[in-house]
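Me: Please take a close look at the nonpolar core of this model, and then at the salt bridges.

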Amino acid sequence: MTRGGPVTTRVFAALADDTRWDILVLLGEADLSASALADRLPVSRQAIAKHLVALEAAGLVERVPVGREVRYRAIGATLSAVGRRLEAIGAQWDARLDEIKRIAEAL
């Protein structure tokens, strides 16, 4: 059996914070700087910067230099990989429940 591993754990830890989730949603819509994110969220720019460090460490965002500005972009591949893992777990549970139902109906 393969486990989620440290990458999956880091992703879930990063997404467990509402502000980081909000940041990721905004970055899914457009590449934004920490200042632009702070303008859209009720959080200071310094707090946004700390959240971006956590999201970057989890592999959920990357820096994109645009002139002298640094913007951030969501990395869809990481989320897609975690999503596929969750779907596989869901499919395993569905198969187990179907087997339990089959056994119960056969009794």
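Reply: The largest nonpolar core has 21 residues, of which Ile-23, Leu-27, Leu-37, Ile-48, Leu-52 and Leu-60 touch the most other members. A nonpolar core here is a set of buried Ala, Val, Leu, Ile, Met, Phe, Trp, Tyr and Cys residues joined through side-chain atoms within 4.5 Å; buried means under 20% relative accessible area, exposed over 50%, and partly exposed in between (1.4 Å probe, protein chains only). At least two residues of this core come from each of helix 1 (5–15), helix 2 (18–29), helix 3 (34–40) and helix 4 (45–57). Helices (H or I, at least four residues) and strands (E, at least two) are DSSP runs, numbered from the N terminus. This is a predicted model, in which local features need pLDDT of at least 70 and side-chain atom pairs count only at pLDDT 80 or more, while totals for chains, interfaces and linings use all residues. Residues are numbered from 1 along each chain as its sequence is written, and side-chain values use heavy atoms, with hydrogens and water left out.

Beyond its neighbours within four places in sequence, Ile-23 is in contact (heavy atoms within 4.5 Å) with Leu-37, Leu-41, Ile-48, His-51, Leu-52 and Leu-55.

The structure also holds 5 salt bridges, each a side-chain nitrogen of Lys or Arg within 4 Å of a carboxyl oxygen of Asp or Glu. One joins Arg-73 to Asp-31, with the closest N and O atoms 2.9 Å apart. Arg-73 lies in strand 3 (residues 69–74) and Asp-31 in the loop between helix 2 and strand 1 (32–33), so the pair ties together parts 42 residues apart in sequence.
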